[in-house]
Amino acid sequence: MSKPDAARLGALGDASECHEPVDLAGLTAAEAQAMLERMMLIRAVEERIGEAVEAGEVQCPCHLAIGQEAVAVGVARHVQEGDRVFGGHRSHGHFLALGAPVESLFAEVLGKDTGCSRGMGGSMHLRDMGHKFWGSVPIVGATIPIAVGTALAAQMDDSEAIAVSFFGDGATEEGVFHEAMNLAAVKRLPVVFVCENNLFSSHLHVSLRQPADSTCRFAEAHCMPWRRVDGNDVVIMASAMNEAAGHARTGEGPFYLEAVTYRWRGHVGPREDLDVGVKRKDDLAQWKRRDPIARLAAGLGVEPDWAPVRASVAEAWRQAEAAPAPAPRAHLERVFS
Amino acid sequence: MTTYCEAILEAHHWLMRERPEVFCIGQGLWSPWYVGNSMRDLEKEFGEARVIDTPVSEAATTGAALGAALGGYRPIVVHPRVDFAVLAMDVVVNQAANWNSMFGGGVPVPLTVRAIINRGGEQGAQHSQALHAWYAHVPGLRVVMPSTPVDARDLLIASVLCDDPVVYIDDRWLYEAEAELPPVAPVDLRAIRPRVLRQGTDLTLVGTGHAAAMCQEAADLLEDVSCEVIDVPVINPMVDADWNVLRESRTRTRRMLVVDGTWSSCGWAATVVAAMGGGQTLTLPPAPAPTSGELENEFYQPIGAAAVAATAMEMCGA
């Protein structure tokens with residue numbers, strides 16, 4: 001097989017392709033079921049947050065990744081103890097895929113003291129070191145060099161830990177992305193770059209922002225091995241992460257993954273039709289046929305059972321709502337360590 | 001006697017020797033110029049794995065240093081000119097400064113960003129700036145401006161041992177200044193207050209970094225005016241205990257002149273005057289630095305010792 005074109009998404013970027021059930025490829029039903037449940041949890045959590053935004057219960061800007069759950073869950077499958085994972089403005093899924101508690105995410109978007117960032121971060125600044133999620137921030141691309149630095153620390157420690165940097169196709173237009181890729185490559189740092197290419201940065205399609213639609217060409221430019229995968233197939237996603245993480249963990253240097261996916265909601269907030277045009281509406285209907293949850297369920301031959309997931313989400317929401325707000329002046333006491 | 005430049009080098013030696021989690025990263029660390037000699041031969045003594053020369057990537061390098069700080073190290077990221085540190089502003093202002101607060105506290109960010117004011121010699125607009133006020137504006141950053149060899153050494157050590165992000169700004173115009181250095185005794189950066197370098201009765205001169213040294217020189221020049229000189233080595237955060245040192249002096253002398261080696265607009269000198277409820281300032285004219293030697297002399301004249309002395313005499317009616 002000839003090497004795929006590093007600059008073109010090809011069929012993966014075509015909404016009318018890749019609708020078939022997920023091939024479990026040797027995974028046990030239990031393993032696949034666990035990933036299905038994790039994706040369903042993320043979906044249900046984000047839908048609940050979307051409802052809360054619509055109802056005015058949540059004020060902070062929330063960027064939902066509904067439709068992209070397989071990327072986070074596939075990657076998380078090969079994140080190990082000691083690894084350090086970073087995200088961006090759209091990171092609820094990354095946070096939950098690593099097993100961080102739903103209640104602490106809900107509390108955070110509600111501005112509660114029990115939130116993962118003690119009510120100082122909201123949706124866009126999440127951290128849970130205990131679950132290997134070292135931080136997400138909304139400055140586009142900003143955590144990429146920071147993740148690279150944690151990989152440098154891991155290399156200096158002579159440990160097997162790796163850094164995982166989640167970002168979107170828009171971040172590849174930031175200068176610091178290229179600086180960080182170059183630095184990681186020249187120092188052979190143990191980092192896996194995970195680009196979630198959902199074709200849109202905010203309202204703007206990649207064709208209006210870049211001369212080619214695949215970001216893998218940047219990995220080529222930085223002499224880094226790469227793989228482009230169907231980001232809505234959690235088994236393929238996990239398998240690619242297994243290869244990438246293994247490469248980084250064994251001292252071979254950085255690896256670049258491009259996960260082709262699509263977000264169902266607008267850039268920010270719960271609406272499907274805000275900040276996007278009619279063309280996207282047609283595309284969205286096609287992309288929904290690439291639903292990572294439905295496809296895995298079909299591969300497993302099961303019907304997703306949403307009732308218990310929604311019940312646990314509702315309970316977590318109740319707990320978060322009942323939690324106390326941060327103490328007055330708390331913001332003045334955390335300026336320094 | 002030890003120069004200011006040698007004192008910085010000594011601080012690096014002490015830190016690298018005593019603290020295995022300290023490393024240095026930045027551009028030019030293996031170059032024969034060694035950041036104005038302030039990092040001479042460090043990579044030979046401590047190895048290139050701990051003294052890391054980098055690609056021409058200020059943002060990624062500073063971001064990586066921040067990441068390493070989160071990962072348990074105490075990096076010193078070096079920008080041989082503060083003008084170039086501007087390329088890393090997101091990392092410093094949006095990320096490092098906010099990291100502890102925006103995630104609810106509890107994780108130290110022991111990052112030291114060392115940036116150097118390096119001007120004169122007809123270097124022009126982009127090799128001459130003093131941008132400390134940009135950093136000092138931001139809660140969450142400690143901003144250190146040493147004016148003496150002792151502080152150059154001890155406050156670099158204190159910066160690196162501090163669990164908060166610190167912007168340490170040294171000044172090439174001070175590199176030849178000499179002093180006797182006592183043995184190293186680590187100090188807590190949070191305990192550093194403004195220092196009364198000289199007591200006087202007619203007027204209080206206040207400066208930070210190179211400007212503090214100019215205040216000292218001016219005081220030496222003045223025979224008929226008794227100057228009190230206060231050096232402010234940490235310009236952010238400034239807390240009540242800091243302001244009290246200045247206020248007490250001004251109450252006594254009734255006159256205060258604040259010298260700041262940069263522009264006035266939204267600057268540190270204005271902040272001091274506002275906090276004190278009065279005083280005069282000496283700063284640079286609101287223009288980019290020229291290259292032509294004659295214009296350059298004119299440009300820097302307001303923050304030189306002679307101008308400080310002349311203004312002090314005027315203020316005292318001497």
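Predicted model: local features only at pLDDT ≥ 70, side-chain atom pairs only at ≥ 80, totals over all residues.
Local features need pLDDT of at least 70 and side-chain atom pairs count only at pLDDT 80 or more, whereas totals for chains, interfaces and linings use all residues. Residues are numbered from 1 along each chain as its sequence is written, and chains are lettered from A in the order in which they are written.

The contact between the chains takes 34 residues from chain A and 33 residues from chain B, two residues being in contact if their C-beta atoms, placed from the backbone, lie within 7 Å. On the side of chain A that touches chain B, strand E2 (133–136), helix H5 (143–157) and helix H6 (175–186) each supply at least two residues; helices (H or I, at least four residues) and strands (E, at least two) are DSSP runs numbered from the N terminus. H5(A) gives the largest share of this side, 10 residues. By residue class, the side comprises 20 nonpolar, nine polar and five charged residues; Ala, Val, Leu, Ile, Met, Phe, Trp, Tyr, Cys and Pro count as nonpolar, Asp, Glu, Lys and Arg as charged, and the others, Gly among them, as polar.

Within chain A, helix H2 (residues 69–76) packs on helix H8 (residues 234–249) at an angle of about 40 degrees, with the axes 7 Å apart. H2(A) and H8(A) are therefore oblique to each other, since angles under 35 degrees count as roughly parallel, over 145 as roughly antiparallel, 65 to 115 as roughly perpendicular and the rest as oblique. Ala70(A), Val71(A), Val73(A), Gly74(A) and Val75(A) of H2(A) meet Val234(A), Met237(A), Ala238(A) and Met241(A) of H8(A). Eight of these contact residues are nonpolar, one is polar and none is charged.

In chain B, helix H7 (residues 149–161) has 13 residues and should span 18 Å, which agrees with the 19 Å between its end C-alpha atoms; the expected span is 1.5 Å times one less than the number of residues. H7(B) is mostly covered, with 11 of its 13 residues buried. A residue is buried if 20 or more other C-beta atoms lie within 10 Å of its own, exposed if 12 or fewer, and partly exposed in between.

The peptide bond from Asn236(B) to Pro237(B) is cis, with omega near -10 degrees. Ser202(A) has phi near 50 degrees, a positive value in a residue other than glycine, and is partly exposed, with 14 other C-beta atoms within 10 Å. For Cys266(B), phi is near 55 degrees, and this residue counts as exposed, with 10 C-beta neighbours inside 10 Å.

Definitions and conventions:
Axes fitted to C-alpha atoms, helices over the stretch in contact; angles between N-to-C directions.
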